[in-house]
Amino acid sequence: MKRAYFFNLKSGLILAFILIFISGNIYAQNIVVKGHIRDVNQEPLAGVTVRVKGTAVGTITDVDGNYTISNVSSTDILEVSFVGMHTQEILVGNQNTINVTMQEEVSSLDELIVVGYGTMRKSDLTGSVVRVEMKSKENQANVNLLQTLAGTSAGVNIEGRGGAGGQPSFSVRGQTSLSASNTPLIVLDGIIYNGSISDINVNDVESIDILKDASAASVYGSRSANGVMLITTKKGASDKPSVTFDMYYGYQDIANNPMRVMNADEFATRLVDWSHQNLVYKWYGTNPTSVQGRPVRPDVTDRDLVATYLKTQEEKDNYLAGRSIDWVDEVLQIAPMQNYNLSLSGKSGDKVNYFVSGSYTDVEGVQLNDKYQRFTLRSNLTSDVNDWLTLSVNTTYSYTDNSGQPASLANARVASPLVNNYIGESSYDIFLGGELFQPYPLVYTKIDNSNIRNQIHLIGSANIKVPWIEGLSNEVNYSNRYTNTNNNTYHNYNTPSGSSNRGLATKVPSQSRDWVFNNIVTYLRTFGDHQINSTLLFSSEGRYGDGSNLSASGFDNQTLGYNNMGLGEVATVSSSAWEESSLAYMARLNYTFQSKYMVTGTIRRDAFSGFAEGNKWATFPSLSLAWVFTEEPFIQDLMPFYGKLRASYGKNGNQGVGRYSSMSRMNTRYYVFDQTTAIGLYPSTLGNAGLSWETTGSYNIGVDFGFLDNRIAGSIDVYTAKTEDVLVRRQLPNAAGYPNVWANIGGIDNKGIEFEIRSLNVNSNHLRWETSFVFSLNRDKITRLYGGENDSDIGNQWFIGEPISAIYDYEMAGGVWTEEEFFNREIPLKGWYPGQFRYVDQNKDSLINPDHDRKVIGYAAPSYRFSINNTLTYKNFTFNFLINSVQGGSKYYMADNAENITPRFYMQHRMNNSAINPYWRPEAPTTNTTGIYNNPPQQSGVYQSRSFVRLQDVTLTYRLSKNILKTLGIEGCQVYISSKNPYVWTKWQGWDPESGRSDTPLMKNIIAGLRLNL
């Protein structure tokens, strides 16, 4: 049993019930035994059953973990048991006081796992399902729920994103589609959730179950090809009201990296070298045979001489006066972050269960003016009206403020450090030095922007247990989510867009609503050695919305900005509306015999309005088998351990092409007709009446195991998937009049292996050490594109027989050409000189051209992933750290990093450059960079491995002792410090390997927090 489940049960059992068994035997002895029961943290356990083994004589512990039991014989054995703990047996002997420390199980096969439209015992699962308990994540600075999943489960791939409100990229078991969505389906409290996951408060979530293989996910058929994430929010647990308050405050900064740009001296010296190398390359054109006669590099120690190479008087004056500015430093900050969460939960007798919470999050990013605020309210209410009817209502409100546009790190990287400094002044140069390619890096902070989203989400359900048929129940649930977004912006005269338009205002309001209705019939019954768990489903969904785009320019009066767009001289208006719907039927049957043979069969039929008539419906079947082979007598005699073999096959669908994709659509265009402006209609997209479902069929074989009473437990899964009728946005020739069209063409193979192991390394009275290790490897391959055996789509870099993430470019031969090779006529390529990258001449024609010399040189996808998590508990202290890694190798996990590691190909003499590596010079050659004056006949990206090992989470928690809590009059108190992404080991020479070339870097943070239970 996992930690979160144990703690919830502990609090829920504090005053829940009394189980006192009256012995049927009369004992001659009348020994009274007393004692207390505690967990490994020496916290008292309430509700623990203490009984005389083999009898009905027993009691349970009170709120302080104390118990008293009478009518005990010295020869009796006390049996101490509690859900989620190892049962202990103790001989009474001559003891009158027996104190017990309960040991938690590493895992519990009786744990209930959410499997979609119901729950199943973990021991009865036949598919690949993984659970993440949020209890272990509660003291981390996770602003977005997806951050909690990074490195926690094999096959669940989270890729961090920068920015104050950045949402990580999320996938399960790799990519199965080319153009359609690869995002997993999100299900919140049993209802498909179409909103943003960033609107969900992390502190409201109890657990996350992820359905990975086709058999587990097939209950969601049409939208489950990319996996399913089931989110379960918290409910009341204790019999008395429980108030929890949690807060943290901290700071964020850029994760460690080697990135820096040239300072003033380097910037100026580079211009000298640019001019010098210009002359050198002209000299190379005369075909010299030695260095004799090579232009001499000017004396860069002569500041007056260097100043003459600067392009503007402004730069010359500042250089000679020693004035400079670090623009990267100016646009970045150490950013504050804070979070507050308050909840009230509990039960009212056996009839009402309630959980109410509110949270406030305020986070800033490392780029100035990058801000994110979120406010949430949640109410979960469940009432057992009588023995056969249960009603529940879950209501959520979220307010998200992403207002403001951050300072541009991209502009800061190229800006001259020798321009005038107007930071903090009302008047400034919109373009530094008057040059259009150097926008003022802080100019976007001057834009007035309001970007606010409001969301209300309501879920209501009624569960009826049919009184006259044991095990039969019917649940009807309904969800309705409304989202309203207003994104308003005003660009004043002192911004690039505003200056060219005399002020520019835009208002982009939009709203959407989606509803889901489910009718679920469940029959769960045990007949001796046989158990049946069957589900029938009818589901209907509707989604619709509308939006407008208002724009005005030419403002003589800027005071009101976007609040009075009527002041603009030129106005344009556009609007849109959309609607789509889905319908589904599903049947699932799970049969278990003797708790060791299991079979689950599912069939689901879906319809989606986005496909053309005749192609709206599709059927998705699945079958999975499981065998607990360690329950067989011939294996039990060998050694005591747990083992279950699983096998499954299923089909899932992908409808992720969006609405109206099968239809040709029209757009509007303004034109002048007879002295008036008229509006015309023209076809903007080409429809495809044959567009239909993308289908993925997959096999999964897995083994679950546990040794040493489950102190070592884990699983191994091997899977393969084949996607057919792949939805592709096919490029069309210009003569067609349309850029592309959606079509079902192509095929993809996907395969991989996953391994998870958890261990309880030490479990003594004061010290507990738990470890988990996760490993996953995934490979995909395009098997078919447009029909031909050797089809390729160079524009999208898709090639038959290659992974989807193939990188198509010139192949580096290693290093740069040297002067020695040039003078000796050893450069076999025409027009190439020293200081330029070596490329492989694939067809040996002494030329490098795009038609014959490019090839697949690597892949953007990772080779494999792994993570190691350790939790150590000593008395009242808990220390947790997670190491997460994504690795390349064999040319995997590559990305173009040319802008950071070598002089840029474009405007080298004006834009600032990275200073990570020195550039090539004739008198100081390098092997990994080009010259600052670099104009080769062809150029490619410069690819580096993004492999990294990251210390992702570190948390130290201290829990106040029971005595102190009694003195303070509170139930619990924790203080903690935590850091996310404090350090990364990598050879990637950029802001961060996980975010790659992005100019919104991944951040590290450190927080201090307090958690109170009243």
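**Figure 1. A polar contact of 3.2 Å links the side chains of Asn157 and Arg865.** The model shown here and in the other views is predicted. Asn157 sits in strand 11. Its relative accessibility is 10%, so Asn157 counts as buried, the cut-off being under 20%. Beyond its sequence neighbours within four places, Asn157 is in contact with Ser169, Phe170, Ser171, Arg173, Gly174, Ser776 and Arg865. Gly174 is 17 residues from Asn157 along the chain. The C-alpha atoms of this pair are separated by 7.7 Å.

**Figure 2. The largest cavity holds about 300 Å³ of space.** The model has eight cavities of 30 Å³ or more. Lining the largest cavity are 23 residues. Gln147, Arg161, Lys980, Asn981 and Leu1002 lie nearest its centre. Which strands each supply at least two residues of this lining? They are strand 11 (156-159), strand 49 (972-986) and strand 50 (1003-1013).

**Figure 3. Asn981 has a positive phi, near 55 degrees, and is not a glycine.** Asn981 belongs to strand 49. This strand also supplies at least two residues of the lining of the largest cavity. Asn981 itself is one of the residues nearest the centre of that cavity. Is Asn981 buried or exposed? With 8% relative accessibility, Asn981 is buried.

**Figure 4. Asn369 occupies the loop between strand 19 (352-364) and strand 20 (371-384).** Phi of Asn369 is near 70 degrees. That is a positive value in a residue other than glycine. Strand 20, on one side of this loop, also contains Thr382.

**Figure 5. Thr382 is a buried residue of strand 20.** Its relative accessible area is 17%. The cut-off for buried is under 20%, so Thr382 falls within it. Which residues are in contact with Thr382, leaving aside neighbours within four places in sequence? They are Lys235, Lys351, Val352, Asn353, Thr390, Leu391 and Ser392.

**Figure 6. Asn913 is buried in the loop between helix 11 (898-901) and strand 47 (943-945).** Its relative accessible area is 2%. A polar atom of the Asn913 side chain lies 3.0 Å from the backbone nitrogen of Arg904. Arg904 is also among the residues that Asn913 touches.

**Figure 7. Helix 3 runs from residue 264 to residue 284.** How many of its residues are buried? The count is 16 of 21, so the helix is mostly covered. At 1.5 Å a residue, helix 3 should span 30 Å. Its end C-alpha atoms are 30 Å apart, in agreement with that value. At the start of the helix, a side-chain oxygen of Asn263 comes to within 3.2 Å of the backbone nitrogen of Asp265.

**Figure 8. The largest nonpolar core has 23 residues.** Trp327, Val328, Val331, Leu332 and Tyr440 have the most contacts inside this core. Helix 6 (327-331) and helix 7 (409-414) each supply at least two of the core residues. Helix 6 gives the most, with three residues. Trp327 is in contact with Ala412, Ala415, Ser416, Pro417, Val419, Ile423, Leu432, Tyr440 and Pro441, apart from its neighbours within four places in sequence. A second, separate core has 22 residues. Val132, Leu146, Val202 and Ile231 are among them. In soluble globular proteins, nonpolar side chains tend to be buried together.

**Figure 9. Met812 is a partly exposed residue of strand 41 (residues 812-816).** Its relative accessible area is 30%. Arg838 is 26 residues from Met812 in sequence. In space, the two are 5.8 Å apart, C-alpha to C-alpha. Which residues does Met812 touch, not counting those up to four places away in sequence? They are Phe837, Arg838, Tyr839, Val840, Ser940, Gly941 and Val942.

Note on methods
Residues are numbered from 1 along each chain as its sequence is written. This is a predicted model: local features need pLDDT of at least 70, side-chain atom pairs count only at pLDDT 80 or more; totals for chains, interfaces and linings use all residues. Side-chain values use heavy atoms; hydrogens and water are left out. Helices (H or I, at least four residues) and strands (E, at least two) are DSSP runs, numbered from the N terminus. Buried means under 20% relative accessible area, exposed over 50%, partly exposed in between (1.4 Å probe, protein chains only). A polar contact is a pair of N or O atoms within 3.5 Å; within protein, one must be able to donate a hydrogen and the other to accept it, and residues adjacent in sequence count only if both atoms are side-chain atoms. Contact means heavy atoms within 4.5 Å. The expected span of a helix is 1.5 Å times one less than its number of residues. A nonpolar core is a set of buried Ala, Val, Leu, Ile, Met, Phe, Trp, Tyr and Cys residues joined through side-chain atoms within 4.5 Å. On a 1 Å grid over the protein atoms alone, a cavity is a set of points where a 1.4 Å probe fits but cannot get out, and a pocket is an open set with protein on both sides within 12 Å along at least five of seven lines; lining residues have an atom within 4 Å of a point. Grid points are joined across faces, edges and corners, and a volume is the space filled by probe spheres set on the points.
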